[in-house]
Amino acid sequence: MSATRRSFLAGLAAAGGALAAAPEQLRALLARAPERTPLPHVPPEGSLPRAFWQDLRGQFLIPPDEEFFNTGTLGSQPRVVLDAVIDHMTHVVRDIAHWDYHPDHEQYFTGYNPETRVREKLASLIGADTDEVALTQNATMGMSFVANGLDLGPGDEVIVMEGSHTGGRGGWELRDKRYGAHVRYVRPPAPAESPGQLLALYADATTPQTRVWAIPHLTSGSGAIRFPVASMCRRARELGILTVVDGAQTLGHLTIDVRQMGCDAFFSSPHKWLLAPVGTGMLYVRREVQPRIWATLASSQWDNHEAGLYRLMQYGTGNLSLLVGLERAIDFHVALGPARVEERIVGLADGLRAGLAAVPGVFIRSPLHPELRSATTIWGLDGVPGATLQDELWARAKVRVRRNGDGVRQCCHVYNSETGVERTLEVARELAGS
Ligand SMILES: Cc1ncc(COP(=O)(O)O)c(C=O)c1O
């Protein structure tokens, strides 16, 4: 038994007889108790030295000789998250006969409960209130709930970025085809050079019929452009236009404060940068805007406007163990500190970009402007197809990136290191013949 669990049990014993008389409650608490794998010890304040990040690598199961740089597709969960999911799944299959349906006792699935605790933690992470956050299964679901839930019809317009991820725009295109709410596309600049240029892209395409700006916070392909969401949302609000921000690539990557951002809706996939279990998602909708959004999936609470966005969590039976893992992933991220994570991973990417810029024949497609850059870099090498570059990085250095157009996309996260960056640069130099 771990020290954490032992002290937890001791705490329970000290709490006295009430719990001893209620084994189901005890079991419920145990199921959610601090688990066998504790969170890493992180100093609460100050920047974290390189040695800290090197040690943190031991929290991940990725073999030490492999460098995984494709968090933009899927993150690799730290041990604390994985163990929490496995332990909870084991508990569910083993102890299911103890499920007695008393409302104040433990539940064994999700889909019929507001899951307040994990929503509270997510809300606190993004600067929202708990009833402004719904749990979904990914970003696509959040985007679809907003796009499908708004009353829009013929004559109304939605501005969408051409080539943005389908999980950030498919719902708007469906509305266009089915109900005639017109999608107006804006084309991303290549390269993106200034925040003003990106704001102007949407502002110039706006007409008196425009109702929504669908904005990618950070594009996944399309140059990995970080949009100036705060100034865009401010401008849209002045024009009476709703802003729906696709944060699939930013939660767990950049610090997020939806109030500061001023968006009306924000959705994300915590299974990417937040390092949460696969199949977890979130949607934020500003309280004042909630009445304008119909539910898409309907079970018992679909029309309950008293309970905030719980109304949009009526998806039927779901896997509670994944939410236990999501909660642990939030704890892990908060323990590291979102600002320190951002500083570390954007810093690693800055090192990568600086190194690449010195290799003859290398081009960098993602922005270098300080407000538009991120921990994601899209780069390539003249004369080397993106797929070849991807495979060469793996074959020569066990560096896993993802091909992207004529180059590759390389996402730096907390499990990456200066060594992984250096290994990338060595391969780039070899291929460039320099
Ligand atoms: C910018 C962006 N939006 C939306 C999505 C869709 O995410 P999911 O498949 O988790 O719904 C992705 C996935 O890569 C993405 O990069």
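Student: Is Cys263 buried or exposed?
Tutor: Buried. Cys263 has 1% relative accessibility. Keep in mind that this is a predicted model.

Student: Which cysteine sulfur is closest to the sulfur of Cys263?
Tutor: The one in Cys233, 5.3 Å away. That is too far for a bond, because a disulfide needs the two sulfur atoms within 2.5 Å.

Student: And Cys411, buried or exposed?
Tutor: Cys411 is buried too, at 0% relative accessibility. The closest cysteine sulfur to its own is in Cys412, 7.9 Å off, so the gap is too far for a bond.

Student: OK, switching to the ligand. Which residues come nearest?
Tutor: There are 14 residues around the ligand. Thr140, Asp246, Gln249, Ser269 and Lys272 come nearest.

Student: How does that shell divide into nonpolar, polar and charged?
Tutor: Three nonpolar, nine polar and two charged residues.

Student: What does the side chain of Asp246 sit 2.6 Å from?
Tutor: A nitrogen atom of the ligand; the distance runs to an N or O atom in the Asp246 side chain.

Student: What about the ligand's oxygen atoms?
Tutor: Two side chains to look at. An N or O atom of the Ser269 side chain is 2.5 Å from a ligand oxygen. For Gln249, a side-chain N or O atom lies 2.8 Å from an oxygen of the ligand.

Student: How much of the ligand does the protein bury?
Tutor: 87% of the 390 Å² that the ligand exposes when taken alone.

Student: Last topic, confidence. What pLDDT does the chain average?
Tutor: 92, and 92% of the residues score at least 70.

Student: Where is the pLDDT below 50?
Tutor: Over residues 1–27. In the model this stretch has 31 contacts beyond near neighbours in sequence. Where pLDDT is low, predicted coordinates should not be read in detail.

Notes
Residues numbered from 1 in each chain as written. Predicted model: local features only at pLDDT ≥ 70, side-chain atom pairs only at ≥ 80, totals over all residues. Heavy atoms only, no water. Near = heavy atom within 4 Å. Polar contact = N/O pair within 3.5 Å; in protein donor to acceptor, adjacent residues only side chain to side chain. Areas by Shrake-Rupley, 256 points an atom, 1.4 Å probe, with all protein chains shown as cover. Nonpolar A, V, L, I, M, F, W, Y, C, P; charged D, E, K, R; others polar. Buried < 20%, exposed > 50% of the residue type's maximum accessible area, 1.4 Å probe, protein only. pLDDT = per-residue confidence, 0-100. Contact = heavy atoms within 4.5 Å.
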